[in-house]
Amino acid sequence: MKNKKILASLLCLLLSLLAIGCQAKSGEGGKAPIPADDFKPVVDTGKDSELYGRYLEYEENATLAFKDYSEAAASDFLYELDDTGVVIKKYIGDGNIVVLPESIDGVSVVKLCEGTFSGSALRAVYIPDSVKNMEKGVFSECDGLSTLRLPFIGDGEEKNYLGHIFGADSYDENAITVPASLDMLILGDGAEEIAQYALRGCKTLSALILPDSVSEIGDLALYECADLVYVSLGDGVESVGEYSFAYCTSLYAIDCSGVGKIGDGAFFSCSALNSITLNMSEGDYLGRIFGASDHDYNGDFVPLSLRNVTVAEGSTAIPSFAFASCKYITSVTLPESLETVGARAFYACRSLASITLPDRVTKIMDDAFFGCDAMVSANLGESLESLGMQAFFGCESLKRISLPDTLSALEPSTFYGCIALEEVSLGGVKKIGKDTFGGCTSLHPVSVSGIDVAEGNGALTGKTEE
């Protein structure tokens, strides 16, 4: 009896494997359709969110900070002169918004001593780029400080973490020394980098504004800045380090269009990220910057919140598998420089409602938009020369397609299963492969005079096929 149960179990397993094998052959080229499940395409509701409101607020405040405030008077400070310039010993004024002067009596202000602002009831302080050194504890016990403009992070020499000016002995103390009130950090034109660990653990920092002079953001630089909503990278950042923004769980949007290198896991667990702009290079895939070790894990690591992706101008190709299985993305904006869309580049992007390809695109590879079952419209541009097999297989919401005059042939199963497809303009097509329009049950027949049409395209020709 026991042996019979074992044999029965093995038989069930064999039948299951055979069934899977049959399913895998259901489409031309051995690609199975997207499995049926309860997934419902999402829409972008980010602009209705509280985070979006905060993002806009910080974007505006970044341009207004210190705009209408004049430099503090020399009499508000105790200071001395040395051979390098003016050294500020202590702030003795009574204002809560202070713009430190660049010079006093024509001599540059170059240094802030320990305790310069210690214990002051300050809300905002502007430190000019003339300052080259800040000692430990310049802002110790400034518990109400909200906005800070600095020429650099740290002391201007070796202590390159924010907590230094609040009395920390290392970056590990950022979280306990940087006041919880600090909301916005603005860096001046003297800053060249955000060093490794520089802002690590500054959990209440909500906005970071960088100048064009910053070219590098180090590994783990903003790790666990949990309240960070708004970041302006400037135009100079070339490199963003590994896990640099990891666990920035309030980050709403970021523009990395000028960044040539984004490290692995740079945005790991940025679970509120709605929009990102980035460059794409050969072999890259979206999940990598979120911690995925392979494109197969895009769906596991790309945050469920991500709705909008913009590929930066200058990118010439969308790599194969770049956005595969990113089923929550609703919008992808492509650059005018784009020329190629790789195989399975947008495979199973199940919330992607439309795509517009620029006119420089000449090649779309196999399965590029396979299973994009929420896609209603696709603009293929005017220069397309090659459209791969099963490129739009199973795009069940696609209603119409216009093929350019530059495209002369359609591969097998290109539009297989596009059950909502009603209208097709064949452009310059002279040859149509097997099952190219198979299963397109809503299609209005068109004239195929002079076109070599393979079997399985009865929906296109209007002829019933046995």
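Lys136 is partly exposed, at 34% relative accessibility (buried means under 20% relative accessible area, exposed over 50% and partly exposed in between, with a 1.4 Å probe and protein chains only). The model is predicted, so that local features need pLDDT of at least 70 and side-chain atom pairs count only at pLDDT 80 or more, while totals for chains, interfaces and linings use all residues. Residues are numbered from 1 along each chain as its sequence is written, and side-chain values use heavy atoms, with hydrogens and water left out.

**Salt bridges**

The structure holds ten salt bridges, each defined as a side-chain nitrogen of Lys or Arg within 4 Å of a carboxyl oxygen of Asp or Glu. Lys136 forms one of them with Asp169. Asp169 lies in the loop between strand S8 (147–150) and helix H3 (174–177), and Lys136 in the loop between strand S7 (133–134) and S8, so the pair ties together parts that are 33 residues apart in sequence. Helices (H or I, at least four residues) and strands (E, at least two) are DSSP runs, numbered from the N terminus. The table lists this pair with two others.

| Salt bridge | Closest N and O atoms |
|---|---|
| Asp169 – Lys136 | 2.4 Å |
| Arg360 – Glu339 | 3.2 Å |
| Arg400 – Glu423 | 3.8 Å |

Arg400 is partly exposed at 44% relative accessibility, and Glu423 is partly exposed at 40%.

**Aromatic rings**

Rings of Phe, Tyr and Trp (its six-membered ring) pair if their centres lie within 6.5 Å; planes under 30 degrees apart count as stacked, over 60 as edge-to-face and the rest as tilted. By this rule there are 23 aromatic pairs. One of them, Tyr223 with Tyr247, is edge-to-face, with 5.5 Å from centre to centre and 75° between the planes. Tyr223 is buried at 17% relative accessibility, whereas Tyr247 is partly exposed at 31%. A single aromatic cluster is formed by Phe323, Phe346, Phe369, Phe392, Phe415 and Phe437.

**Strand pairing**

Two strands pair if DSSP finds at least two bridges between them. Four strands form an open sheet in the order S10-S12-S14-S16, with parallel pairing. Its edge strands, S10 (193–194) and S16 (261–262), each pair on one side only. Elsewhere, strand S1 (residues 77–81) and strand S2 (residues 86–91) are antiparallel and share five bridges.
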